[in-house]
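Subject: Structure handover

Hello,

Please find the structure below. My notes on the sheets and helices follow it.

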Amino acid sequence: METIENQSRVQPDRQTEGQNLTGLTTAQVAQLHQQYGYNEVAEVKPHPVLHFLRKFWAPVPWMLESTIILSLWLGKNVDAVVIAFLLVFNAIVSVLQESRADKALALLREKLMIEARVLRDGEWARIPSRELVPGDVIHVRMGDSMPADVSLMQGALVLDQSPLTGESVPVDKGLGDTAYAGALVKHGEATGQVAATGTQTYFGRTSELVKQAVTGSHLERTILGIVRNLVVIDVLLVLVILTDASLTHVPLLTMLPFALILIVASVPVALPATFTLAQTLGARELAEKGALVSRLSAIQEAASMDVLCTDKTGTITLNQLSVANMQAYAPYTLADVLRYASWASDASTQDSIDLAVLEKKVQTAQTAQAGNLSQSETVNEAKIINFTPFEPATKRTEAVVEYQGKTYTVMKGAPQTLAELAPHTDVKTVSSDVDNLAASGYRVIGVGVQEAGQTALRFVGLIALQDPPRPDSLKLVQALHQLGIRLRMLTGDTVQTARAIAQQVGISGKVCDAAVLAQGSAQEVADCDVVAGIFPEDKFHLVESLQKSGAIVGMTGDGVNDAPSLKQAEVGIAVANATDVAKAAASIVLTTPGLMGIVTAVETSRRIYRRMQTYTVNKITKTIQVALFLSIGFLVTRHFVVTPSLIVLLLFANDFVTMSIATDRVSFSQRPVHWHVSQLVRSSMVLALALLVESFLVLYGAHNLLLLTWSQVQTAVFLMLVFSGQTTIYVIRGQRHFWDSAPSRPLWMASVADIILVSVMASLGILMAPIPVYVTVAILGMALVFMVLMDGLRKWAGMNAEDVSQESEASAQAMHHNRLSDEKSSS
């Protein structure tokens, strides 16, 4: 890093020449560096090896690791290798998909790595901004990015703070005001003293919020809940078997292989892998539709999302000013207002107000002349002799124009300023009109003109500007409403602006000031559909509060100010034009303009939920069936009804083959969906009991009617478990009946291939005792008969179409919210 002495020197800017400023000394800077550190956001990177190893330190991995140890102890090395492979597979996929965990912090650091003009030891120098300390005197000009929080001492600035605060229009900063780090200087230049650096800046505090943001995994808790229920059933059955063995004096070592069979059959070793696969496929599908997924868990969370907090500026709106209204004062007309305003505008400055006025001028001319006039012809109808860009000190833009042989001096800027310069203007009337327009959420500028020969400026009229909603914002709000998601709009703008935009996009409900978040009750906060004047930490804490109340929260945004809440939310969505910081903090990034990608993400995630629900119910059903069948079968026959090696083979024949459910063709729910593990277990229990009847019929028929050897009986039982596992999938996946909708090609092909493969293996005696083909056909026929019978049990199992209980609850909540919204609107 260069020292101050050998860095390039820069001359004082014109606003600071002759001023008695000396800045800090080198000794003072060294002391302040010790006290405050460097002007940067400290980055903490976890060791990659430790990050990978943490994937093995959680309740579900613990269960799998215990199973591996027990398998090795009993000499079941193949079982141990299979389970270990799944465990490592899950860890690798998780690390690869979530490697961008600290990107947001890295980008925040890069934002601060700019150069600054600083006064040190009485001389101006250009140094890296990381070396700034509180108390430094710096100078900024148009085009600069503020390197720290600076209190202005001289000059004035117009700053674009939209990436930081969400304000949709530039703000004026003068003597004594604070300019935030990261804001862009649109106009003016100024000298100021550094007030805060690093994490103490407004920008730095945002990065600290990003670092603090932690999203709990509902999916992990769901998997743990499923495993916990299955293990409870497993433990109870093992206790029953061991008690029986103790009473019948069966050696304990003889029973340990049976305990291992139950554990392998009960712990859903492929469940995490299947969830990961389904979400990875979903991420690929979303990428094709314009939404990149950086955190896989967000796909599953989006299915349950019931609240979506959305930033206004750049998300609901275009973050691009346009002329919304105009008002003329006699003897001038609206055409005069627009004409004079366009003369006082210059496209080369890229000022948002100038561009809005010129765009309105072009639109008006094209409408009047059937589109035969180009922009250049429209704007250059007058000759600009002199143009003075907007200056914060004068609060106006000024131009001298020659038009049709006459010379005009035109101005546009702060209405009150221009009104005071025009002696024939009723200032009170203008102020009243400005207040009325501002109450509708508009930013208002005035227009004045002085023709050659006139002795004073004449006030021509007012132009009202707004940041208009995106064309698809209204459609988005309606679509989310139909999906049962409550939309909350958050903005740093005023209450009036927020209310106006909310009405235009169809967000009905209470509009609150951000003060209610700190001073209002929980119910008052819950009633707010729009919150104005909000800061990044307010958004962050609002998301936290909603999460604590039990809501699954989504957050959309585009600016640095949205980064903490984007990372904290279960579903953080950055729009296509978002800053890099916002994109890094989000879990889903839209890559196409517009917002309908949010709806696509929700619909896709709910389809994935349906697929995973099918897999989960099937797994729970089969686990209960196998555990009960093995236990009761042993108690009745005093033999293992299936061998440990066939149970491991069953993992591949059922669990891995049924992973193709991740590709199934399903519809999506119209309401947020939630995992209710206890309800799933109860539903699965009903189906498992039916399968248990099928299991014992096969056992009885193979042993007592067909008189097969016990090894052949075990083969028959294995085939029954495979066939019934496949048919159960189609019973569960249908909305009302298994024939309602056709499955995806990968799913039915996997099922057919599975049935053919195990049938051939059973006939040839591969890894099992061979049995006649007619026995295999009979078992398959019985599985199909029970498939039809079980379809009739769906109603009793509470599995019609959607989960009735959760759907009714979600519908009731949505209806309650709609009713409240209607009442608020009518009042």
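An open sheet of eight strands runs in the order β8-β21-β20-β19-β9-β16-β18-β17, with mixed pairing. At its edges stand β8 (291-293) and β17 (510-513), each with a single partner strand, so one side of each has no neighbour in the sheet. On average, neighbouring strands here are turned by 20° against each other, direction ignored. β17 pairs with β18 (residues 528-532) in the parallel sense over four bridges, and D513 stands opposite A532 in β18.

This is a predicted model, in which local features need pLDDT of at least 70 and side-chain atom pairs count only at pLDDT 80 or more, while totals for chains, interfaces and linings use all residues. Residues are numbered from 1 along each chain as its sequence is written, and side-chain values use heavy atoms, with hydrogens and water left out. Helices (H or I, at least four residues) and strands (E, at least two) are DSSP runs numbered from the N terminus; two strands pair if DSSP finds at least two bridges between them. Axes are lines fitted to C-alpha atoms, for helices over the stretch in contact, and angles run from 0 to 180 degrees between N-to-C directions.

After α18 comes G484, whose phi is positive, near 80°.

The axes of α11 (residues 297-304) and α25 (residues 596-637) come within 7 Å and cross at roughly 95°. The two helices are therefore roughly perpendicular (65 to 115 degrees). I299, Q300, A302 and A303 in α11 meet residues of α25 including A601, V602 and Y609.

The other sheet is open, with six strands in the order β10-β15-β14-β13-β12-β11 and antiparallel pairing. β10 (322-328) and β11 (383-391) are at the edges, each with a single partner strand, so one side of each is left without a neighbour in the sheet. β14 (residues 443-451) and β15 (residues 458-466) pair over seven bridges, and the bridge partner of G446 is L462 in β15. Helix α17 (residues 427-439) lies across β10, β14 and β15, at about 10° to β15.

Regards

Technical notes
Contact = heavy atoms within 4.5 Å. Parallel < 35°, antiparallel > 145°, perpendicular 65-115°, else oblique.
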